[in-house]
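Visitor: Can you walk me through a couple of spots in this one?

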Amino acid sequence: LTGDPFVGPSANASFFTNPYGSCILSSTRYFGCGLSNSDGVSTKGGGTVGLAITGNRVWFSMDMFNLTSGIRSVKLQGEASGSTELISFWKDGNRLKGVVDIDDVLQQRIFKGLSSVIISTSRNRDGELSCELEEGMISFLDSSLEVPAIVSPTNGSATAFFYFSVNGRLNVHITLNSLSSPLEKAHLHGPAYQGITTTNIPFNMMDLIAGDMEGGWNVQGSWRNITAYELRYFIEGLYYLNMHTTNNPSGELRGQLSIIGEWVCPTSDTLVNQCYWPRLELVEGVESNEESTPYAVGGVIIDRLERFQYSFAFWYIPSDVILTLYVMSPGGSLSTVIIDAD
């Protein structure tokens, strides 16, 4: 397969894989949602849905918790169109995974944000849990992805969905099932490619953990607005999730978070977010006495709220100088920042 694996400054560094580990084209788009009570239903249940769509083929994963009774129906439904029944992929417990082909009508409903997932149970046959699909980042977590390999065997599973709200905050839905022992820590690590470990934890989700061994576990909440520098790692798929349990303190379930996709930084004229990856070099005529030529790389976002966010890393800058970063436009300076070279 050929094609750009993702959008960003390191687009040729790796070929991203779908949540099941097989190569996919860059045309894959990722959708998900957090399941909650359907209209007229009051339970303590919930769950997470994740979809990876390439053409008319859908890789999906769904994990639920605290269902009132056995699953009766799982529908992927487009507004004002037919639905695709997924119950045949359910084996036991509160989870199902699989691959299914959908028609063009349902595909377009999903792409346009006009589709939903409805979970019906024996007690609530018209729908116990439901959610409307939206584009974002997903991960299907599995014990086989842990590095190093886990000590205590498990057949656990987890589905994760990340998205950005209108105000720019990062939101998370993760549902876990069949863990070997209580969930103690939930971390988003990075930057690191699949199969590589790092102790860097930019997003700690310990305070968002809820649930128990009987009903399942849920991690849900929102964080601060991410920086332009962190956005680069999301765009490149360089964050992974690691779920730590009592029996497997180094991690029981792991999964690489999918790329963020062009929905955050579209290249059309109708921009929602605008993203740039500048490299700063010496102005023509300026000489450096350093052994290595100074330069800087970074990321710039003009976000949905029309804010200008930027992050730069400077290299080979003498420690005894004061840097001033000017953000310029044809009409003059928009912003001035004094930078501590240390």
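Guide: Nine of the nine residues of strand β2 (residues 46-54) are buried, so the strand is mostly covered; buried means under 20% relative accessible area with a 1.4 Å probe, protein chains only, and strands are DSSP runs of E, at least two residues, numbered from the N terminus. The model is predicted, with local features needing pLDDT of at least 70 and side-chain atom pairs pLDDT 80 or more, while totals for chains, interfaces and linings use all residues. Residues are numbered from 1 along each chain, and side-chain values use heavy atoms, without hydrogens or water.

Visitor: Which residues point which way from β2?

Guide: G46, T48, G50, A52 and T54 point one way, and G47, V49, L51 and I53 the other.

Visitor: How many bridges join β2 to β3?

Guide: Nine, with the strands antiparallel; two strands pair if DSSP finds at least two bridges between them. The two form a hairpin with two residues between them, and G55 in the turn has a positive phi of about 65°.

Visitor: Changing topic: where is E146?

Guide: E146 is in the loop between β10 and β11.

Visitor: What is the nearest side chain of opposite charge to E146?

Guide: R254, 5.6 Å away; E146 is buried yet has no salt bridge, which would be a side-chain nitrogen of Lys or Arg within 4 Å of a carboxyl oxygen of Asp or Glu. Lys and Arg count as positive, Asp and Glu as negative; His and chain ends are not counted.

Visitor: Which backbone nitrogen lies 3.2 Å from a polar atom of the E146 side chain?

Guide: That of E252.

Note on methods: Helix = DSSP H or I, 4+ residues; strand = E, 2+ residues; numbered from the N terminus. Buried < 20%, exposed > 50% of the residue type's maximum accessible area, 1.4 Å probe, protein only. Polar contact = N/O pair within 3.5 Å; in protein donor to acceptor, adjacent residues only side chain to side chain.
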